[in-house]
Amino acid sequence: MGAVKNKRMPRAVREQQMLDAAVRTFGQRGYMAASMDEIAELAGVSKPLVYLYLNSKDDLFTACIRREARRLTDAVRVGVEPALPADRQLWDGLRAFFTHTAQNPDGWSVLHLQARTHGERFAVEVTAMREEIVAFVTQLIVTAAREAHRDPSLPEREVAGLAEALVGAAESLAAWANATPGVTAKQAATTLMNFAWAGLNSLMAGTPWTPPEPSRP
């Protein structure tokens with residue numbers, strides 16, 4: 001049953017109500033199966049009003065992606081205190097990430113599953129969000145590594161790949177945690193922290209792992 005209609009509701013509030021309904025519908029039913037009728041009913045508004053505010057199903061879906069992406073990146077940034085040690089910053093960032101994705105499973109489904117599989121226009125929106133998070137993690141790691149072994153010349157490219165891998169692992173783990181009953185945000189963050197920190201700690205200490213020399217015949 002949709003929300004009670006309120007003709008005096010401010011446009012900005014009503015639009016967020018529509019986006020809430022759309023995120024829930026897209027996240028649970030998928031982009032193709034979701035209907036504008038269902039979204040309008042859930043939002044407690046008429047379908048023509050949804051079109052008036054948000055133009056089309058594609059534009060509505062894009063608006064959902066942008067809102068959920070901003071909420072996720074904001075949650076991660078707010079969760080990290082720059083003055084803390086590097087391991088605490090990473091831990092707090094991971095906890096913020098997994099807490100947000102656990103509390104907003106429909107939004108995470110829109111970003112992680114739906115947007116990536118229904119056209120380049122939508123995938124581009126998610127890529128922009130992902131690049132922002134990767135850049136944030138890269139800067140966190142490279143700053144801590146330079147300070148740890150007093151090497152101001154450490155290039156970002158040496159840790160950019162590690163940040164990319166870390167974000168990819170977080171994305172996959174969030175999807176698994178949301179689909180696995182009983183897994184908490186803290187448990188997911190702990191799992192990834194234990195997996196990643198040994199390598200990061202070695203990098204920040206200036207002792208990265210190197211490949212062995214090829215065996216001679």
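Contact denotes heavy atoms within 4.5 Å of each other. The model is predicted, so local features require pLDDT of at least 70 and side-chain atom pairs count only at pLDDT 80 or more, whereas totals for chains, interfaces and linings use all residues. Residues are numbered from 1 along each chain as its sequence is written, and side-chain values use heavy atoms, with hydrogens and water left out.

View 1. Leaving aside residues up to four places away in sequence, F26 touches Y31, A34, I39, K57, L60, F61, C64, V110 and Q114. Buried means under 20% relative accessible area, exposed over 50% and partly exposed in between (1.4 Å probe, protein chains only).

**View 2. Helix 1 and its cover.** Helices (H or I, at least four residues) are DSSP runs numbered from the N terminus. The end C-alpha atoms of helix 1 (residues 11–29) are 26 Å apart, which agrees with the 27 Å that its 19 residues should span at 1.5 Å a residue; the expected span is 1.5 Å times one less than the number of residues. Among its buried residues are R14, M18, V23 and F26. Their cover includes helix 2 (36–43), helix 3 (47–54), helix 4 (57–79) and helix 6 (105–114). G30 follows helix 1 and has a positive phi, near 90°.

**View 3. The buried face of helix 2.** M36, I39, A40 and A43 are the buried residues of helix 2. Down the helix axis they fall within an arc of 95°, so they line one face; the arc is taken over the directions from the axis to the C-beta atoms. Helix 1, helix 3 and helix 4 are among the elements that cover them. Just after helix 2, G44 has a positive phi of about 75°.

View 4. Rings of Phe, Tyr and Trp (its six-membered ring) pair if their centres lie within 6.5 Å; planes under 30 degrees apart count as stacked, over 60 as edge-to-face and the rest as tilted. Y31 and F61 form a tilted pair, 4.7 Å centre to centre with 40° between the planes. F61 and F122 form an edge-to-face pair, 4.7 Å centre to centre with 80° between the planes. F61 lies in helix 4 and F122 in helix 7, 61 residues apart. F26, Y31, F61 and F122 form one aromatic cluster.

Conventions: Helix = DSSP H or I, 4+ residues; strand = E, 2+ residues; numbered from the N terminus.
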